[in-house]
Amino acid sequence: MSAFRDLRHYIDHITGTLGKDEVLRIDGADRDLDIGGISELMAEKEGPALMFDNIPGFPAGYRVFTNFMGTAARTAVALGLPPETGKLDIVREWKDLSKRLEPIPPVEVATGPVLENVLVGDDVDLGVFPAPRWHDGDGGRYIGTACMVITRDPDSGWVNVGTYRACVQGRDRLSLWMLGNRHAKAIAEKYWQRGLNCPIAVVVGQDPILSTAAAIAAPSGMSEYDLAGGLRGQGVEVLYAPGSDLPVPAYAEIVIEGELPPVEEESVLEGPFGEWTGYYTHSGQETVVRVTRILHRDDPIILGAPPMLPTVPAGDQAVPLYSASVTWDHLEASGVQNIKGVWAYARQLMMVVSIEQTGAGDAMHALLAAAGRKRTGGMERYFVVVDEDIDITDINHVLWAVFTRVDPSESLQVLRAPTTAIDPRLSPAKRVDGDLSMGIVLIDATKPFAWKDQYPAANRVDDATREDLRRRWAGVLPL
């Protein structure tokens, strides 16, 4: 895997590896009217990463960077793989790495670029950063969409790193929406039960491995710093600001430090916010970070991964690393054989599994195993199993299998399963009752095993011929 020192190192690397046009630099875009919309339009086309500079109302050099892993090539480079690595091979590499990964703890250093500017007292002002309003209907400007939220367990000393949306609420106030089943909320509640505020740090702008590790959620007791170190092959360099007990990346762009009081003591209206489902759902009174100190580099960069419609690759989801690889691991642990690949669509709303059938019950075994994986806030709604001849990274190929190999009277099963609070299909009555359940659909889109060898042959050009055509006509046709 890669060992990028920081976000700037990654940006330099993708331009050096993939070409200078891989990052499009945009001057003069408004943070309310332009940045979110341009990011979405470019993500829909799986276009270049975007660096916004000279944002009206802010000094030159105070930048916003989006679509940072919005193509398979950028995802591969971020993970230290050749840029031409195939989409399913990226997931396979990620899955295999997780099995042999050895956690490496962070390395403490005395200083780092994040200390180039230290704002305390009256100088604390979140308004100095061009936090965008990503969607027209957002209830505020969200500086944290690909951020790292750092807390320390008061009992064990375990340092947890997670990702939660963070909205600027004032010069020295930042709101966080933390789901109740996540580690940071559980840690904060330990402080609150003792009559204490929870120390907290929010990191805005870090390399893609740190971003990925923070979003994964390591097992309780393991720090995501250790996980990131294992992915990098070397420990993350961290430092402790004076008086702080929280390690922060020495090469972070921005670090916001403070304390989290219980919501009963201080709260603020958080949201609405256009979430990854493609809807505005949660809005309510949430806890705040009372900001006591801001650290930032010269010419700081806000790393943005604004949620978009789940059918859009988005800035960090061109390859569904986590949802696909975890499901793949779970299937193997459940005894499902001959798995050829796992892919996720619409983030994880539809999970697709490719298998080579060797028995009549293989497809249903894979479906039940996939649906049975324990989830923490996921919204997997549709589970599809296809034969090995289907390219599961191509939605049109998956739909072809569904449309031509499914008998609706025999191939569909409906079950009940947990969902998440941001599910737009939850009725108001269910929300009031706390009933977070939803139907899920199991779809067997394989050829019936009893007569699969007699299934009509497909007329698709085979993969070997496609590769030969690409090779022979390279530079002539856009193949």
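Which residues touch the most other members of the largest nonpolar core? In this predicted model, where residues are numbered from 1 along each chain as its sequence is written, local features need pLDDT of at least 70, side-chain atom pairs count only at pLDDT 80 or more, and totals for chains, interfaces and linings use all residues. Side-chain values use heavy atoms, with hydrogens and water left out.

The residues in question are F65, I150 and Y225, which belong to a core of 92 residues; a nonpolar core is here a set of buried Ala, Val, Leu, Ile, Met, Phe, Trp, Tyr and Cys residues joined through side-chain atoms within 4.5 Å, and buried means under 20% relative accessible area, with exposed over 50% and partly exposed in between, for a 1.4 Å probe and protein chains only. The largest share of this core, six residues, is contributed by helix α9, residues 362-371, where helices (H or I, at least four residues) and strands (E, at least two) are DSSP runs numbered from the N terminus. Apart from this core lies another, of 43 residues, which includes L119, Y142, Y164 and A184. In soluble globular proteins, nonpolar side chains tend to be buried together.

Leaving aside residues up to four places away in sequence, Y225 touches I104, P106, M148, I150, V159, V161, L210, V236, V238, P247, V248 and P249, contact meaning heavy atoms within 4.5 Å. Strand β7 (residues 148-152) pairs with β8 in the antiparallel sense over four bridges, two strands being paired if DSSP finds at least two bridges between them. Within this pairing, V149 has G162 of β8 as its bridge partner. The two strands form a hairpin with six residues between them, and G157 in the turn has a positive phi of about 80°.

An open sheet of three strands, in the order β4-β12-β13, has mixed pairing. Because β4 (107-108) and β13 (248-249) stand at the edges with a single partner strand each, one side of each is left without a neighbour in the sheet. The pairing of β4 with β12 (residues 237-239) is parallel and runs over two bridges, with E108 opposite V238 in β12.

In the loop between β21 (382-387) and α10 (395-405) lies T393, whose side chain is joined to that of D391 by a polar contact of 2.7 Å; such a contact is a pair of N or O atoms within 3.5 Å, where within protein one must be able to donate a hydrogen and the other to accept it, and residues adjacent in sequence count only if both atoms are side-chain atoms. Not counting residues up to four places away in sequence, T393 also touches K87, L88, W343 and Y345.

Four aromatic pairs are present, rings of Phe, Tyr and Trp (its six-membered ring) being paired if their centres lie within 6.5 Å, with planes under 30 degrees apart counted as stacked, over 60 as edge-to-face and the rest as tilted. The rings of W451 and Y455 have centres 5.3 Å apart and planes at 25°, so this pair is stacked. W451 is partly exposed at 40% relative accessibility, whereas Y455 is buried at 18%.

Finally, the whole structure holds zero disulfides, a disulfide being a pair of cysteine sulfur atoms within 2.5 Å. For C167, the nearest cysteine sulfur is that of C147, 12 Å away.
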